[in-house]
Amino acid sequence: YSYDNKYLVSATLRSDASSRLAKGHKWHTYPALSVGWNISNESFFNIPQINMLKLRAGYGQTSNQAILPYATLGRLGTRPYNFGNDNYTTGYYLSSLSNPDLGWEYSITTNYGLDFSLFDNRLSGTVEYYVTNTKDILLNVGLPETSGVASVTQNIGETQNKGIEISLNGIIFY
């Protein structure tokens with residue numbers, strides 16, 4: 001939504017499902033919201049060298065379900081056994097553990113930015129600060145050898161990425 005090309009708002013709500021995840025954890029809903037203010041379109045703004053000046057802020061979620069199909073289910077492997085010269089049989093062993101709580105890994109990002117254009121649009125750019133928090137990271141957790149299984153996939157861990165991005169564009173020759 002844009003009002004008078006000065007005030008900007010955008011909102012989105014999305015839901016996704018994945019058959020790779022455990023029952024009761026298959027769905028995740030992602031909200032997103034951004035707002036902007038075109039300061040240069042205000043009546044009080046009168047700096048001829050600045051063609052465009054906009055403040056903006058945003059919030060949104062994304063997710064990840066990058067695990068192998070059926071990773072939430074336990075698996076059995078087979079192994080042949082020999083009981084003498086001609087006596088073979090097949091044995092079963094636990095090759096992976098089930099995880100009935102395996103769900104989405106998701107990231108929440110907030111960002112704040114300033115967009116500008118100067119000197120008859122010959123110099124333009126963006127300065128942006130962002131923070132991304134990732135939760136319920138999908139990782140394989142190592143198990144003791146005595147368990148008979150090397151690892152199990154779980155939602156564990158959190159990370160945070162943050163930084164400043166600066167972009168400049170210039171038209172040197174007109």
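Colleague: How many helices and how many strands does the protein chain have?
Modeller: This is a predicted model, where local features need pLDDT of at least 70, side-chain atom pairs count only at pLDDT 80 or more, and totals for chains, interfaces and linings use all residues. Residues are numbered from 1 along each chain as its sequence is written, and side-chain values use heavy atoms, leaving out hydrogens and water. Helices (H or I, at least four residues) and strands (E, at least two) are DSSP runs, numbered from the N terminus. The elements run β-β-β-β-β-β-β-β-β-β-β, and the count is zero helices and eleven strands.

Colleague: Is the protein chain a compact globule or more spread out?
Modeller: Its C-alpha atoms fill a box of roughly 95 × 35 × 25 Å along the principal axes. Radius of gyration is taken over C-alpha atoms, and the globule rule is 2.2 Å times the number of residues to the power 0.38. For 174 residues that rule gives 16 Å, and the chain comes out well over it at 27 Å, so compared with a compact globule it is more spread out.

Colleague: Which element has the lowest mean pLDDT?
Modeller: pLDDT is the predictor's confidence in each residue, from 0 to 100. The chain averages 88, and 99% of the residues score at least 70. At the top sits strand S8 (residues 123-135) with a mean of 95, while the lowest mean, 83, belongs to strand S6 (residues 88-96).

Colleague: Which residues make up the largest nonpolar core?
Modeller: A nonpolar core is a set of buried Ala, Val, Leu, Ile, Met, Phe, Trp, Tyr and Cys residues joined through side-chain atoms within 4.5 Å. The largest one has seven residues: Leu 21, Tyr 30, Ile 67, Ala 71, Leu 102, Trp 104 and Leu 138.

Colleague: And which residues does the second, separate core include?
Modeller: In soluble globular proteins, nonpolar side chains tend to be buried together. This second core has five residues, among them Ile 39, Phe 45, Phe 116 and Leu 118.

Colleague: How much space lies in the largest pocket?
Modeller: The search uses a 1 Å grid over the protein atoms alone: a cavity is a set of points where a 1.4 Å probe fits but cannot get out, and a pocket is an open set with protein on both sides within 12 Å along at least five of seven lines; lining residues have an atom within 4 Å of a point. Points are joined across faces, edges and corners, and the volume is the space filled by probe spheres set on them. For the largest pocket, that comes to about 290 Å³.

Colleague: What is phi of Asp 120 near?
Modeller: Most residues other than glycine have a negative phi. Asp 120 lies in the loop between strand S7 (105-118) and S8, and counts as exposed at 54% relative accessibility. Its phi is positive, near 55 degrees.

Colleague: Where does Asp 4, with its positive phi, lie?
Modeller: Asp 4 isn't a glycine, yet its phi is about 60 degrees. C-alpha to C-alpha, Asp 4 is 28 Å from Tyr 130, a residue of strand S8. Asp 4 lies in the loop between strand S1 (2-3) and strand S2 (7-17).

Colleague: What distance separates the C-alpha atoms of Pro 31 and Ile 108?
Modeller: Pro 31 lies in strand S3 (residues 27-38) and is partly exposed, at 27% relative accessible area. Along the chain, Pro 31 and Ile 108 are 77 residues apart, but their C-alpha atoms are separated by 9.6 Å.

Conventions: Buried means under 20% relative accessible area, exposed over 50%, partly exposed in between (1.4 Å probe, protein chains only).
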